[in-house]
Amino acid sequence: MFQLNLPSYQFRIKKKEDYYTIFDAVRRKYVILTPEEWVRQHFILYLINQLNYPIELIAVEKQLEVNGLKKRCDAIVYDKSLQPILIVELKAPTVPITQDVFDQVAVYNSKLKVNYFLISNGMEHFCCKLSNNAKGYEFLDEIIEYQSLFKSDEHKHK
């Protein structure tokens, strides 16, 4: 697999007949190992191990309905009252992060109403906070730690 711009972790990987699976600690099951899944597993362990995100407050491949269409978020992080506070959108390392990816997150956020989101392809990472007027977003210098999401009451639903 790809060398990512994230720490290395030990994963449980199994070979099937003609493909590999990787154990997802959040979903507690083996899933097909694709390049995007490789990024997702690294990124989720990075959030948990380096940035103190509680594993029990992360939902992976969460389905939502937006304008009558079923969509699937790569990951959603919740606060302790189970309100969504962060959207995580991940791509394979070969997929460039374009405006289309930011637009995809905006569609998810039309339903979730969070103030923070992360976008990564394992090589480039973008952590953003919605602007106060909710018309745009600002790029943060680094990926935000879990507790820093609560430095203000801005993550509360409006």
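1. Is Phe102 buried or exposed? Phe102 is buried, at a relative accessible area of 8%. Buried here means under 20% relative accessible area, exposed over 50%, and partly exposed in between (1.4 Å probe, protein chains only). Note that this is a predicted model: local features need pLDDT of at least 70, side-chain atom pairs count only at pLDDT 80 or more, and totals for chains, interfaces and linings use all residues. Residues are numbered from 1 along each chain as its sequence is written, and side-chain values use heavy atoms, with hydrogens and water left out.

2. The aromatic pairs. The structure holds 13 aromatic pairs. Rings of Phe, Tyr and Trp (its six-membered ring) pair if their centres lie within 6.5 Å; planes under 30 degrees apart count as stacked, over 60 as edge-to-face and the rest as tilted. One of the pairs is Phe102 with Phe139. Their centres are 5.8 Å apart, with 70 degrees between the planes, an edge-to-face pair. Phe102 lies in helix H2 (residues 99-112) and Phe139 in strand S9 (residues 137-139), so this pair ties together parts that are 37 residues apart in sequence. Helices (H or I, at least four residues) and strands (E, at least two) are DSSP runs, numbered from the N terminus.

3. Around Phe139. Phe139 is partly exposed, at 48% relative accessibility. Phe139 also pairs with Tyr137: the centres are 5.7 Å apart and the planes at 80 degrees, so this pair is edge-to-face. Tyr137 is partly exposed too, with a relative accessible area of 30%. Phe102, Phe117, Phe126, Tyr137 and Phe139 form one aromatic cluster.

4. The six-stranded sheet. This open sheet has the order S4-S5-S6-S7-S8-S9, and its pairing is mixed. Two strands pair if DSSP finds at least two bridges between them. Strand S4 (58-66) and S9 stand at the edges with a single partner strand each, so one side of each is left without a neighbour in the sheet. The twist averages 35 degrees from one strand to the next. Axes are lines fitted to C-alpha atoms, for helices over the stretch in contact, and angles run from 0 to 180 degrees between N-to-C directions.

5. Helices on that sheet. H1 packs on the sheet and touches S4, S5, strand S6 (84-90), S7 and S8. The direction of H1 makes about 145 degrees with that of S6. H2 also packs on the sheet, touching S4, S5, S6, S7, S8 and S9. For H2, the angle with S6 is about 150 degrees. Contact means heavy atoms within 4.5 Å.

6. Strand S7 (residues 116-120) and strand S8 (residues 125-130) are antiparallel and share five bridges. Ser120 has His125 in S8 as its bridge partner. The two strands form a hairpin with four residues between them. Gly122, in the turn, has a positive phi of about 85 degrees. S8 and S9 are antiparallel as well, over three bridges. Here Cys128 is the bridge partner of Phe139.

7. Two buried residues to look at. Cys73 lies in strand S5 (residues 69-78) and is buried, at 0% relative accessible area. Beyond its neighbours within four places in sequence, Cys73 is in contact with residues including Ile87, Tyr108 and Leu112. Asn109 sits in helix H2 and is buried at 11% relative accessibility. Its side chain reaches the backbone nitrogen of Val114 at 2.6 Å. Leaving aside neighbours within four places in sequence, Asn109 is in contact with Ile87, Val114 and Leu130.

8. The three-stranded sheet. A separate entry in the fold is an open sheet of three strands, ordered S1-S2-S3 and paired antiparallel. Strand S1 (13-15) and strand S3 (29-32) are the edge strands, each with a single partner strand, so one side of each is left without a neighbour in the sheet. Four bridges join strand S2 (residues 20-24) to S3. Phe23 stands opposite Tyr30 in S3. Helix H1 (residues 35-49) packs on this sheet, touching S1, S2 and S3, and its direction makes about 25 degrees with that of S2.

9. Charges over rings. A charge sits over a ring if NZ of Lys or CZ of Arg is within 6 Å of the ring centre and within 35 degrees of the ring normal. The charged end of Arg12 sits over the ring of Phe23, 3.9 Å from its centre. The charged end of Lys14 sits over the ring of Tyr30, at 4.3 Å from the centre.

How values were computed. Polar contact = N/O pair within 3.5 Å; in protein donor to acceptor, adjacent residues only side chain to side chain.
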